[in-house]
Each structure stands twice: as structure tokens, then as C-alpha cells.
Amino acid sequence: MRIVTWNLWWRFGPWAERQKAILTVLRDLCPDVVGLQEVWAVGDDNLAGWLADELGMHWTWAPSPASDRWQRRIGEPGVEIGNAVLSRWPVLERDVLRLPAPEDVDDGRVALYTRIATPGPHLPFFTAHLTSRPTASAIRCRQVTALAEFVAAHRGGTDFPPVVTGDFNAGPDSDEIHLFRGTDAFADAWDHADASAPSTTLHPDRGPGARIDYIHVGTQADPAGLGTVKRAWRAGDGPVDGVWPSDHAAVVADLTGSATAG
């Protein structure tokens with residue numbers, strides 16, 4: 001089973017050209033389930049919906065409850081931002097958590113839960129987008145605590161461990177990542193990447209190189225080994241026909257599951 005997480009940089013930069021580049025990368029990857037952050041929507045037009053139609057996938061999305069705070073940054077009223085999930089298989093359930101933050105920095109970050117009807121045990125799949133302020137580690141600690149409780153509330157009833165994806169806006173050695181991984185002994189899929197491969201997921205022009213995007217897999221006693229990470233790598237980490245798809249690279253992981261991509 002191929003999992004992807006990707007922050008799509010909302011409507012920043014040359015978004016119309018980037019949209020085509022994003023599709024090219026995802027089409028080449030042939031993913032089974034994709035967690036997306038910074039997805040835009042305008043009326044009936046939704047980037048995740050368009051990608052799903054082009055790729056022949058199911059989809060759902062969760063708009064931010066504070067898109068207006070983002071709109072002021074680009075001067076485009078009416079453009080929503082949110083998280084989305086694309087899936088090869090139907091989405092059976094969904095729920096949304098607004099991640100906690102003080103009023104002065106609360107720009108409506110959310111976590112989206114979906115239950116995916118894979119051919120075997122259902123997959124509890126989550127994608128989240130944590131606050132981005134460099135000095136907001138304490139806020140992100142609150143957010144990952146809330147996220148862990150959200151995961152715990154929705155992970156039951158299946159042998160497949162929860163898969164939690166997203167832009168955590170924090171490095172692997174940060175307090176918030178250690179806190180989240182310790183809540184349920186979540187495994188970082190990147191531990192199975194080539195040690196010599198570049199690991200940063202944020203474009204160098206956006207600040208110091210950092211790995212802030214993750215695929216985490218929860219532990220679960222399962223003799224079939226569902227959710228075991230086989231390998232992980234970056235994608236979308238270069239221009240497509242001269243256009244960078246996003247200011248983030250995607251993270252990709254192949255897991256042991258009841259079906260494979262291809």
C-alpha cells in the first residue's frame with residue numbers, strides 16, 4: 001500500500017501551473033491513499049476534487065474554519081484552505097478536529113480523519129497541519145496531544161494500525177515530535193528511507209532545510225504485519241517542466257497492506 005503526504009502550498013506562487021505539476025507527480029507515484037494540506041477551494045472548484053477526478057480516486061476534504069485569516073495574505077476573498085484525503089478505495093467515515101491554539105495565532109489548523117475501505121481491514125487514516133510559527137513549539141505540543149486523543153478515539157475496530165500524515169512544522173528532534181511519537185509508539189516511516197537520501201521536505205528558499213512532513217504509523221499487535229513500513233522516499237522535490245509543484249516535497253511510504261499500488 002502506497003501512502004503519500006504533501007503540503008500543496010495553497011494558492012501561493014504560480015498556482016495554476018503548479019496544479020498541473022502536482023498532478024504529474026501524483027500520477028507517476030500511483031498512490032493508494034494521499035494526505036494533503038493547504039488545499040484550496042473556490043465555490044465548487046476544489047483542488048483535491050480535481051486531482052481525484054483526474055486520478056480516478058475517491059476524496060474528501062475539511063476546510064479551515066478560519067480561511068479568512070489566510071485570504072488576507074493573498075488578497076483573494078472567498079478562497080478556502082484545508083486538508084484533504086484522496087483514496088483508491090471508498091471513504092467510509094470522516095471526522096474533523098480543530099487543533100487548539102491561542103486566539104492571536106489561531107488560523108484554523110485542522111486534522112482530518114477518514115476510514116478507508118481497503119480490500120482487507122479498514123485503514124484509519126489521518127492528515128494534519130500544525131501551526132507554523134517557529135517559536136510555537138508549546139502550541140504544537142498542545143496540538144499533537146489533541147491529535148493523539150483524536151487518533152485514539154477513531155483507531156478501533158480494525159487490525160490496521162492508524163496512519164497519521166501531515167505537515168507538523170517541526171523537526172524530528174523537536175519536543176512536539178517526541179511527544180507525539182511517544183503517545184502510542186508511533187513509528188516514523190522515514191526511519192526506513194535510504195540514509196544517504198536527502199531528507200528535507202521544505203524548499204530551501206522557504207527557510208533553513210528541515211524535515212517537517214511525516215508519515216507516522218501506529219503500533220498494533222497484528223500477526224499479518226499490516227502497516228509495516230517497507231521503504232520511504234521524497235517525491236515532487238524538483239521542477240516539473242520548469243515549475244516547482246510546491247514549496248514542500250512530498251513524503252512517500254510503501255506499507256505492508258492488503259493491496260499494492262500499481
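**Figure 1. One cavity of 30 Å³ or more is counted in this protein.** Here a cavity means a set of points, on a 1 Å grid over the protein atoms alone, where a 1.4 Å probe fits but cannot get out; a pocket is instead an open set with protein on both sides within 12 Å along at least five of seven lines, and lining residues have an atom within 4 Å of a point. Grid points are joined across faces, edges and corners, and a volume is the space filled by probe spheres set on the points. Please keep in mind that this is a predicted model, in which local features need pLDDT of at least 70 and side-chain atom pairs count only at pLDDT 80 or more, while totals for chains, interfaces and linings use all residues. Residues are numbered from 1 along each chain as its sequence is written, and side-chain values use heavy atoms, with hydrogens and water left out. The largest cavity has a volume of about 60 Å³. Its lining is formed by S64, W70, I81, G82, N83, D107, G108, R109, V110 and H129. Strand β5 (residues 80-87) supplies the largest share of this lining, three residues; strands are DSSP runs of E with at least two residues, helices are runs of H or I with at least four, and both are numbered from the N terminus. By class, three of the lining residues are nonpolar, five polar and two charged. In this scheme Ala, Val, Leu, Ile, Met, Phe, Trp, Tyr, Cys and Pro are nonpolar, Asp, Glu, Lys and Arg are charged, and the others, Gly among them, are polar.

**Figure 2. The largest pocket holds about 600 Å³ of space.** Of the 29 residues that line this pocket, T131, S132, R133, P134 and N169 are the closest to its centre. Helix α3 gives the most to the lining, with three residues. Sorted by class, the lining of the largest pocket has nine nonpolar, eight polar and twelve charged residues.

**Figure 3. Helix α3 (residues 67-74) includes S67, and the loop between α3 and β5 carries P77.** Are these two residues buried or exposed? S67 counts as buried because its relative accessibility is 6%; buried means under 20% relative accessible area, exposed over 50%, and partly exposed in between, with a 1.4 Å probe and protein chains only. P77, at 73% relative accessibility, counts as exposed. Not counting residues up to four places away in sequence, S67 touches V79, E80 and I81, where contact means heavy atoms within 4.5 Å.

**Figure 4. T114 sits in strand β7 (residues 110-116).** With 0% relative accessibility, T114 counts as buried. Which residues does T114 contact, leaving aside its neighbours within four places in sequence? They are T60, V85, V91, E93, R94, L123, P124 and F125.

**Figure 5. Strand β2 holds both G35 and E38.** G35 is buried, with a relative accessible area of 0%. Setting aside residues up to four places away in sequence, G35 touches V4, T5, W6, A84, F125, T127 and T165. From G35 to F160 there are 125 residues in sequence, and the two lie 17 Å apart in space, C-alpha to C-alpha. A backbone detail to look for is E38, a residue other than glycine with a positive phi near 55°. E38 also counts as buried, at 8% relative accessibility.

**Figure 6. C30 lies in the loop between α1 (15-29) and β2 (33-42).** Although C30 is not a glycine, it has a positive phi of about 50°. C30 is partly exposed, with a relative accessible area of 33%.

Figure 7. Along its principal axes, the C-alpha trace of the protein spans about 55 × 40 × 40 Å. A compact globule of 262 residues would have a radius of gyration near 18 Å, and the protein agrees with 17 Å; the radius is taken over C-alpha atoms, and the globule rule is 2.2 Å times the number of residues to the power 0.38. Buried residues make up 58% of the 262 residues. Among contacts between residues at least 6 apart in sequence, 74% join residues at least 24 apart. The accessible surface comes to about 10,600 Å², with 50% of it belonging to carbon and sulfur atoms; areas come from the Shrake-Rupley method with a 1.4 Å probe, and for residues only the protein chains shown count as cover.
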